[in-house]
Amino acid sequence: MVEGRQFIFHLIPSGILYEDKICMIGNGVIVDPAVLLKEIDGLREKGLNVSPGRLMISENAHLIMPYHARLDQAKEAALAKKLGTTGRGIGPCYMDKVGRVGIKAGDLLDDDLFREKLLAAVEEKNFLITKRYNGEPVQFEEIYAAFRQYGERLIPFIGNISVELDQARKAGRNILFEGAQGTQLDIDHGTYPFVTSSNTIAGNACNGTGFGPAYIDSVIGIMKAYTTRVGEGPFPTELTDEIGEQLQSKGHEFGATTGRKRRCGWLDGVVANDAVRLNGLTGLALTKLDVLSGQPLLKMANTYELQGKRISTMPSNIRQAAAVTPIYEEMPGWQREISGVRQFDDLPVEAKDYIRRIEDFTGVPAVIVSVGPDRSETLLLQNPFLHT
């Protein structure tokens, strides 16, 4: 929210709101050209300058193709136990990437190469769609024609962002890497198989852009004042009662891309500490503190109980992860609304105590606290670009 105007981002970095910033979509992102062009057009309609001079797409970013979505939906429908996929083709696209048969953004610059790869892909995918899932086949010419049109618009945006980032680093410019999705959705370190198909932890900022890890100065973990999850998977602190509904309603907890209702629960300190370790966090951006206003009692779970034993990390065994019982500690809440607060010292003492308890059990300081969705409702306690 900027001056009362809402912007919802899917693929384009939120830095596009700043006229003097250059935004880049890394090779770690998979791109649906139709979705990206719709987002570009939508932002332009709101008066933002989204031009090739302000937005660059990595030539190595893989493209989500129509057959990926078709396979994603067919596979999810065939599963006895659902994964909660978005059905947008993300998993199948990453499968093609790892299987070395994916189509990259840079392939749009070479029509012969694009046509060759698309022909092979359509033949293979139609076999799966028709024989395995009894679905309708996709049409090569239809996809080819659509992507020729996408290419005409997107080619000016495509380039080598690794080189651009290195030049920016050498010039002493500030660089902010923006990740998507939470630590528990990481393909390697999350609650597998209820995860996304990529690495979501901070280390992937380097793999996903072609930027050297030695040049990262700080890692800010974005953490809600309570816990949410969209889709299926274990959620130890989930609230299915009236409090959970209050958090969902007041926090407007719907997925930005799918609109799916997010599950809500008390703050999970076990998950938070796992995130601190896995990401190497140096600071916390604590968001949606205002959503807790009015709750007489707040809870946070800093350990679990599993088969009579206390544990302090999420089990990798998915059955054990679903069987843990959170062990809560309680703190008094605050009753007044805090969305008008602009200085940390003006927060209710209970809110400050809550933040300090989070800092205490994570060992990481809060550098940003938000008390509302608008940019003006974000309290910057420490500038992450200033280092002592």
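An open sheet of 3 strands is present, with the order β1-β3-β5 and parallel pairing, where strands are DSSP runs (E, at least two residues), as helices are (H or I, at least four), both numbered from the N terminus, and where two strands pair if DSSP finds at least two bridges between them. Its edge strands, each pairing on one side only, are β1 (23-25) and β5 (158-159). Strand β3 (residues 55-58) runs parallel to β5 and is joined to it by 2 bridges, and Ser58 stands opposite Gly159 of β5.

The model is a predicted one, in which local features need pLDDT of at least 70 and side-chain atom pairs count only at pLDDT 80 or more, whereas totals for chains, interfaces and linings use all residues. Residues are numbered from 1 along each chain as its sequence is written, and side-chain values use heavy atoms, with hydrogens and water left out.

Beyond its neighbours within four places in sequence, Tyr67 is in contact (heavy atoms within 4.5 Å) with Asp96, Ile103, Leu118, Ala121, Val122, Lys125, Ile129, Val138 and Ile143.

The structure holds 19 salt bridges, each defined as a side-chain nitrogen of Lys or Arg within 4 Å of a carboxyl oxygen of Asp or Glu. One of them joins the side chains of Glu141 and Arg115 (3.7 Å, N to O); since Glu141 lies in helix α5 and Arg115 in helix α4, the pair ties together parts that are 26 residues apart in sequence. Glu141 is partly exposed, with a relative accessible area of 47%, and Arg115 is likewise partly exposed, at 31% (buried means under 20%, exposed over 50%, partly exposed in between, with a 1.4 Å probe and protein chains only).

Asp166 forms a salt bridge with Arg169, with the closest N and O atoms 3.1 Å apart, and these residues, 3 apart in helix α6 (residues 161-170), are separated by about one helical turn. A further salt bridge is formed by Asp353 with Arg356, with the closest N and O atoms 3.8 Å apart, and this pair is 3 residues apart in helix α11 (residues 349-362). Lys224, Glu253, Arg262 and Lys288 are linked in a network of salt bridges.
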